[in-house]
Amino acid sequence: MSSSLAWLMLVIAGVLDVGWAISMKYAEGYTRTGWSIASLVLLAAFVFLLGRALKVLEVGVAYSVWTGIGAAGTFVMGVVLFGETLSAMKLAGIALVLMGIAALKLA
């Protein structure tokens, strides 16, 4: 597998991680069947893609990038979907996460 494909899989895994976190919120403690199933499917999908990407990428960089995508994406979706609070400090924190992802990718 090429490095480019591994990075693509990693980014997709990060996006699926966001979907997983949001689906867990909608599953309401795994009491809503449809959302619970969606959550488990998304979990399996991102773990599979992350595992495949790790065959090529360094684990420290890949895991950090994956969690950063998940953290930033889940934060944004929380604001958009659930009306979670948005402040200058939170935006600064997410900006730092994104800068860290970019730095790891460029390293």
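I began with E28, which is partly exposed at a relative accessible area of 49%, where buried means under 20%, exposed over 50% and partly exposed in between, with a 1.4 Å probe and protein chains only. The model is predicted, so I note that local features need a pLDDT of at least 70, that side-chain atom pairs count only at pLDDT 80 or more, and that totals for chains, interfaces and linings use all residues. Residues are numbered from 1 along each chain as its sequence is written, and side-chain values use heavy atoms, with hydrogens and water left out.

I then asked which residue E28 meets in a salt bridge. The partner is R32, with 3.7 Å from N to O; the criterion is a side-chain nitrogen of Lys or Arg within 4 Å of a carboxyl oxygen of Asp or Glu. R32 is partly exposed as well, at 35% relative accessibility, and the structure holds one salt bridge.

**Entry on the overall fold**

I listed the secondary structure as four helices and zero strands, with the elements running α-α-α-α from the N terminus on. Helices (H or I, at least four residues) and strands (E, at least two) are DSSP runs, numbered from the N terminus. The C-alpha trace spans about 40 × 35 × 15 Å along its principal axes, and 30% of the 107 residues count as buried. For contacts, meaning heavy atoms within 4.5 Å, I looked at those with a separation of 6 or more, and residues 24 or more positions apart account for 67% of them.

**Entry on helix α1**

I checked α1, residues 3–27, and found that its 25 residues reach 35 Å from the first C-alpha to the last, close to the 36 Å expected at 1.5 Å a residue; the expected span is 1.5 Å times one less than the number of residues. Its buried residues include W7, M9, L10, D17, W20 and I22, and the buried residues of α1 pack against α2 (33–53), α3 (59–82) and α4 (88–106).

**Entry on helix α3**

Just after α3, G83 takes a positive phi of about 65°.

**Entry on the aromatic pairs**

I found five aromatic pairs in the structure, where rings of Phe, Tyr and Trp (its six-membered ring) pair if their centres lie within 6.5 Å, and planes under 30 degrees apart count as stacked, over 60 as edge-to-face and the rest as tilted. The rings of W20 and F46 have centres 5.4 Å apart and planes at 65°, so this pair is edge-to-face. W20 lies in helix α1 and F46 in helix α2, so the pair ties together parts that are 26 residues apart in sequence. Both W20 and F46 are buried.

The rings of Y63 and W66 have centres 5.3 Å apart and planes at 50°, so that pair is tilted. Y63 and W66 are three residues apart in helix α3, a separation of about one helical turn. An α-helix has 3.6 residues a turn, so residues three or four places apart point the same way. Is Y63 buried or partly exposed? At 46% relative accessibility Y63 counts as partly exposed, whereas W66, at 9%, counts as buried. I recorded W20, F46, Y63 and W66 as one aromatic cluster.

Leaving out residues up to four places away in sequence, S36 touches A27, Y30 and T31.

In helix α4 I looked up G93, which is partly exposed with a relative accessible area of 29%. G93 and A72 are 21 residues apart in sequence and 9.2 Å apart in space, C-alpha to C-alpha.
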